[in-house]
Amino acid sequence: KRFVADVDLGAGRPYLPECKAPTGKKVAIVGAGPTGLSTAYYLLQDGHECTVFDDHDKAGGMLRYGVKEDDLPRGVLDLEVAIILTLGARFKLNTTIGKDIPMADIMRRFDAVVLATGRLDAAKAAALGAEMNGPVIKIDQTTFESAAKGVFAGGEAVHHGRLAVRAVGHGKAIACSVNQFLSGAAVVGRRLPFNSAIGKVDGDELKEFLKDADRSPRVSPAGD
């Protein structure tokens, strides 16, 4: 995957997805990390205007400030962010929502809000008007909707973990729900045609699975 991405970015004219006609709807995305950037990438394709707020001086979140340069060259990250800029995203950096701009103003100025802030403490959550469930924002696990109408949340704000791919996946799922909300449709989240994840196997499923299993006895490592 990295090879394909490197070839695309090095081509001079990276792939740009087609964007639908502007809808006139405005979305505020709080946090320019992988979840926020991914959300903007997909919502822009749906024709929605996106403004991304972040309290750092550059976009990237933990990809920039929590990952070593050797693991993720900053030039690669900058090129990825540039694609989102080209699609039409607006970035308001060095800006803390709840401090520099009251959350009430954001709610008034935008049609939907996405909280992709990374981990939050109780004080920051309160400033954002977010209802907490222990250490994370309380959301609907299917739609990523918070308790406040029109406010969605994802990434580290709702699930502590260090997998960037999961954070990016949250962004795509959130964008789907936000687009449904802005379109006036029922917010039901993504409907996937299939699921390749293996969940807990019940007794009958296990028997069926074991029909093709090797009948050899368990092999244990030899002792010292």
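**Tour: a helix crossing and a sheet**

Helices H2 and H7 lie oblique to each other, where angles under 35 degrees count as roughly parallel, over 145 as roughly antiparallel, 65 to 115 as roughly perpendicular and the rest as oblique. This is a predicted model, in which local features need pLDDT of at least 70, side-chain atom pairs count only at pLDDT 80 or more, and totals for chains, interfaces and linings use all residues. Residues are numbered from 1 along each chain as its sequence is written, and side-chain values use heavy atoms, without hydrogens and water.

Select H2 (residues 34–45) and H7 (residues 164–182): their axes come within 7 Å and cross at roughly 40 degrees. Helices (H or I, at least four residues) and strands (E, at least two) are DSSP runs, numbered from the N terminus. Axes are lines fitted to C-alpha atoms, for helices over the stretch in contact, with angles from 0 to 180 degrees between N-to-C directions.

Next, show side chains at the crossing. From H2, the contact (heavy atoms within 4.5 Å) includes Pro34, Tyr42 and Leu43; from H7, Ala164, Lys172 and Ile174 are among the residues involved.

Now select the sheet. Five strands make up an open sheet, ordered S3-S2-S1-S4-S7, with parallel pairing. Strands S3 (90–92) and S7 (151–153) stand at the edges, each with a single partner strand, so one side of each has no neighbour in the sheet. From one strand to the next, the twist averages 20 degrees.

Finish on S4 (residues 112–115), which pairs with S7 in the parallel sense over three bridges; pairing requires at least two bridges found by DSSP. Pick Val113: its bridge partner in S7 is Val151.
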